Protein chains: 2
Amino acid sequence: MSDLLSKVPFTGRVELLLINPEPDRMGERHERAELNLSFSGPEGDYHVGHTRASDSRMLKRFKRGTTVRSARQMSIVSVEELVEVAEKLAIPEVRPEWLAANLVASGIPDLTLLPPSTRLQFPSGATIVIDIENLPCRYPAAVIGKHHPGADAAFIKEARGKRGVVGWIEAEGVVRLGDAITIWIPPQRIYAHT
Amino acid sequence: MSDLLSKVPFTGRVELLLINPEPDRMGERHERAELNLSFSGPEGDYHVGHTRASDSRMLKRFKRGTTVRSARQMSIVSVEELVEVAEKLAIPEVRPEWLAANLVASGIPDLTLLPPSTRLQFPSGATIVIDIENLPCRYPAAVIGKHHPGADAAFIKEARGKRGVVGWIEAEGVVRLGDAITIWIPPQRIYAHT
């Protein structure tokens with residue numbers, strides 16, 4: 001049987017692994033040398049769970065707090081895009097822990113623009129399915145504003161399309177610093193009836 | 001916070017609901033007036049489960065039988081596309097139960113081409129996330145060949161791009177015959193680095 005996904009002609013690299021132990025400690029940096037991905041998410045992160053409560057992004061479809069299966073188990077950003085965002089904000093750097101990222105990758109051009117249902121696979125077999133880009137919102141903006149007063153509003157505008165992606169765990173396994181990231185994308189085309 | 005998904009300017013309609021009670025009874029028609037969708041899939045179908053064993057579609061990424069989170073909980077096809085496939089095969093009809101479909105929709109042009117991460121929502125709140133198009137494979141082909149000798153090979157070739165989509169349950173609820181289907185699609189663009 002054929003596989004619909006095709007491998008892109010480059011691999012990424014895992015540069016940093018982070019967890020968020022508690023929602024109200026956003027912005028703290030908790031590095032890990034490896035991260036165990038289970039079907040409920042990255043071990044040790046408070047986002048772990050098969051389901052989550054729907055949030056303000058989903059108000060057109062769900063009453064706030066509706067239980068939905070989580071497609072936001074992992075937050076993935078890229079070194080290169082964070083540099084671009086920092087340049088746009090005219091600040092020295094945007095630290096990935098300010099964005100509650102779990103995985104910082106390098107070598108993936110326009111990581112945020114990877115198509116939905118793209119698979120990111122690691123040497124252990126661990127695999128993440130990308131649901132969608134992550135919109136810059138007020139929570140990381142507030143953390144950035146704490147470090148660089150005034151940069152919060154700019155972040156929401158300037159980080160759009162560069163703030164990484166969210167996804168869910170398709171196959172369990174460990175991810176280690178320095179791991180290669182193999183990328184599989186679905187057929188690309190534009191749905192015409194919109 | 002903004003919602004990345006946008007509603008398309010039409011709704012679909014639920015024309016038929018089916019379950020597959022056992023893998024070795026493929027091709028039998030088991031109609032339902034309503035279908036309960038839980039996070040593990042459509043109640044009563046043998047595909048139900050949070051996880052599944054990886055199959056031949058995934059051999060480039062997983063050893064066969066690896067436990068993966070299921071993105072194939074539901075199979076969705078369209079009345080209009082099944083008519084097109086039947087015309088191409090020069091047979092009177094392609095019955096959805098031959099394809100192990102769970103939901104037959106009408107009114108959704110090019111249903112198979114709906115983008116990955118599209119959300120299909122029903123009046124109860126039940127929501128399906130589309131992972132990817134469903135490739136015509138030898139199992140439904142064999143069922144069609146039993147009814148129309150010789151049509152099996154043609155099915156694999158001619159049904160491509162018209163054989164529906166697979167997806168997973170994002171929000172639980174009931175789906176009923178005649179339900180409207182609201183469709184939310186992610187931003188569309190082509191990833192350039194392939």
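This is a predicted model: local features need pLDDT of at least 70, side-chain atom pairs count only at pLDDT 80 or more; totals for chains, interfaces and linings use all residues.
Reader: Which residue forms a salt bridge with Lys88(A)?

Author: Residues are numbered from 1 along each chain as its sequence is written, chains are lettered from A, and side-chain values use heavy atoms. A salt bridge is a side-chain nitrogen of Lys or Arg within 4 Å of a carboxyl oxygen of Asp or Glu. With closest N and O atoms 3.9 Å apart, the partner of Lys88(A) is Glu158(A).

Reader: How many residues apart in sequence are the parts that this pair ties together?

Author: Lys88(A) sits in helix α1 (residues 79-89) of chain A, and Glu158(A) in helix α3 (residues 151-158) of chain A. Helices here are DSSP runs (H or I, at least four residues), numbered from the N terminus. The pair therefore links parts whose separation in sequence is 70 residues.

Reader: Is Lys157(B) buried or exposed?

Author: Buried means under 20% relative accessible area, exposed over 50%, and partly exposed in between (1.4 Å probe, protein chains only). Lys157(B) forms a salt bridge with Glu158(B), with 3.4 Å between the closest N and O atoms. Glu158(B) is partly exposed at 23%. Lys157(B) has a relative accessible area of 63%, so Lys157(B) is exposed.

Reader: How many salt bridges are there over all chains?

Author: Another one joins the side chains of Arg25(A) and Glu22(A), at 3.3 Å from N to O. Arg25(A) is partly exposed at 30%, and Glu22(A) is partly exposed at 34%. Over all chains, the count of salt bridges is 34.

Conventions
Helices (H or I, at least four residues) and strands (E, at least two) are DSSP runs, numbered from the N terminus.
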